[in-house]
Amino acid sequence: MSCEVTGSLALTRALEHCREGREMSALETEDLVASLADSRVDDRPKADFLTAWAGKGETAGELAGMARAFLAKGKGAGLTARWGEKPLADCCGTGGGGRPLVNISTAAGMVAAAAGLPVAKHGNRGITRASGSADALGALGLRGVKDAGELANCLAEVGCAFLYAPDFHPAFGAVAGARKILATEGKRTAFHLLGPLVNPVRPEVRMIGVFREEDMMKLGGALEILGAESYALVYGEDEKGAPLGELSPLGKNRLVGMRKGKRFEITETANEAGGGSSRDLEVTDARESAAKMEAVLGGDGSKIVSGSVVWNAGVLLWLGGRAGDWAAGRKMAEETVKSGKARALLERWKTWSKGRSD
């Protein structure tokens, strides 16, 4: 029997199990990753399985098992959890919310890095949004790292680095077609949840923005199965109560996670619109997102976009031990922007990028 047929059968069996509401075992998730990562298997069976899995509801154990299997297939980054004496951090969103928003978490990571917390950002191009992190960084003239050597060099010279998911997870390329099919059908997939779990450096500090509060517990469970001790799942709403997938200075915010092994849950409602609205966060493409990010990093961003970046950067700085609490982290993030340190990091990264060849 060919590998293609075997892979399709594995997906079909898994699809049937999902329809029966049965949780997949660790061995089954490993076999599934082998099938999803096989470019000889058609996109449609992959899309049908991902639809059924989302319909059943992904569990923490399934997500952790899939993440482990993808990490095992991926390319090593040469670093694990820390950069010298400091914890490595990552911040990203699950995506899948359907809103064309500026890349808040990417900018927040840059501000946190400028404040002294090394960030190894892991991300991709936009599949279900106008601008993915890779798109926005490219529009800023910033280059990602290709291997372990470049990662170490970029962290040393810039303090922040970007790992483009397909470079470190070639297996993701075999699922891109299925994800695009489902994106055109308006369906979410588990890859919105898996992406934040498979950063190859396995950062010690993680912040993940979600569009759905029900995803917080399963992602938290998956992170803990994977050994995370400092993480935050964050959910924020705009002034109308609609989810943003990031912390928001406009409405309700909820944070659930763990800091150095101690659990926390925070709820805070903000009202800092000041004449602005969530429309200020929307963009039409990566170039507009890059322009808004650059304005924030330079201290000239709109109140809403700047506030969103600061609120999210503040959590990272708190989780990473740079600030005593979230409020202190927000203050540190504000001062980092006002002092010009965030702009300086952006310029260092531009210089580093120009010195590299693709």
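Gly 116, which follows helix H5, has a positive phi, near 110°. In this predicted model, all of H5 is buried: 11 of the 11 residues of the helix (residues 104-114) fall in that class, so H5 is largely enclosed by the rest of the structure. One of the buried residues of H5 is Met 110, which is also among the residues with the most contacts inside the largest nonpolar core.

- The buried residues of H5 are Ile 104, Ser 105, Thr 106, Ala 107, Ala 108, Gly 109, Met 110, Val 111, Ala 112, Ala 113 and Ala 114.
- The largest nonpolar core comprises 71 residues, and Met 110, Leu 151 and Trp 349 have the most contacts inside it.
- Helix H13 (residues 303-319) gives the most to this core, contributing 11 residues.
- Apart from this core lies another, of 47 residues, which includes Leu 36, Ala 37, Phe 191 and Leu 197.
- When neighbours within four places in sequence are set aside, Met 110 is in contact with Leu 137, Leu 142, Cys 160, Met 293, Leu 297, Leu 345, Leu 346 and Trp 349.

**Aromatic pairs and the phenylalanine cluster**

- Six aromatic pairs are found in a search of the whole structure.
- In the pair formed by Phe 70 and Phe 172, the ring centres are 5.1 Å apart and the planes stand at 90°, so the arrangement is edge-to-face.
- Phe 70 belongs to helix H4 (residues 60-73), while Phe 172 lies in the loop between helix H8 (165-168) and helix H9 (176-184); the pair therefore ties together parts that are 102 residues apart in sequence.
- Phe 70 and Phe 172 are both buried.
- Phe 172 also pairs with Phe 191; with centres 5.6 Å apart and planes at 85°, this pair is therefore edge-to-face.
- Because Phe 172 is in the loop between H8 and H9 and Phe 191 is in helix H10 (residues 191-194), the pair ties together parts that are 19 residues apart in sequence.
- Phe 191 is buried, as is Phe 172.
- Together, Phe 70, Phe 172 and Phe 191 form one aromatic cluster.

**Arg 330 over two tryptophan rings**

- Arg 330 lies over the face of Trp 311, at 4.4 Å from the ring centre.
- The charged end of Arg 330 also sits over the ring of Trp 326, 4.5 Å from its centre.

**Ser 230**

- Ser 230 is located in strand E7 (residues 230-236).
- Its relative accessible area is 5%, and Ser 230 is buried.
- A polar atom of the Ser 230 side chain lies 2.9 Å from the backbone nitrogen of Lys 260.
- Residues up to four places away in sequence not being counted, Ser 230 touches Glu 204, Val 205, Arg 206, Met 258, Arg 259, Lys 260 and Leu 319.

**Lys 341**

- Lys 341 is found in helix H15 (residues 341-354).
- With a relative accessible area of 47%, Lys 341 is partly exposed.
- Lys 341 and Met 110 are 231 residues apart along the chain, and their C-alpha atoms are separated by 9.9 Å.
- Residues up to four places away in sequence being left out, Lys 341 touches Ala 114 and Thr 336; Ala 114 is one of the buried residues of H5.

**Asn 124**

- Asn 124 is placed in the loop between strand E4 (119-123) and helix H6 (133-139).
- Asn 124 has a relative accessible area of 21% and is partly exposed.
- Between Asn 124 and Met 110 there are 14 residues of sequence separation and a C-alpha to C-alpha distance of 16 Å.
- Beyond its neighbours within four places in sequence, Asn 124 is in contact with Gly 132, Ser 133, Ala 134, Phe 162, Tyr 164, Ala 165 and Pro 166.

**The chain as a whole**

- The protein chain contains 15 helices and nine strands.
- Its radius of gyration is 19 Å, close to the 21 Å that the globule rule gives for 358 residues, so the chain is as compact as a globular protein of that length.
- Taken along the principal axes, the C-alpha atoms fill a box of roughly 65 × 45 × 40 Å.
- Of the 358 residues, 55% count as buried.
- Among contacts with a separation of 6 or more, 73% are accounted for by residues 24 or more positions apart.

How values were computed. Residues numbered from 1 in each chain as written. Predicted model: local features only at pLDDT ≥ 70, side-chain atom pairs only at ≥ 80, totals over all residues. Heavy atoms only, no water. Phe/Tyr/Trp six-rings, centres within 6.5 Å; stacked < 30°, edge-to-face > 60°. Helix = DSSP H or I, 4+ residues; strand = E, 2+ residues; numbered from the N terminus. Buried < 20%, exposed > 50% of the residue type's maximum accessible area, 1.4 Å probe, protein only. Lys NZ or Arg CZ within 6 Å of the ring centre and 35° of its normal. Contact = heavy atoms within 4.5 Å. Polar contact = N/O pair within 3.5 Å; in protein donor to acceptor, adjacent residues only side chain to side chain. Core = buried A, V, L, I, M, F, W, Y, C linked by side-chain atoms within 4.5 Å. Rg over C-alpha atoms; globule rule 2.2 N^0.38 Å.
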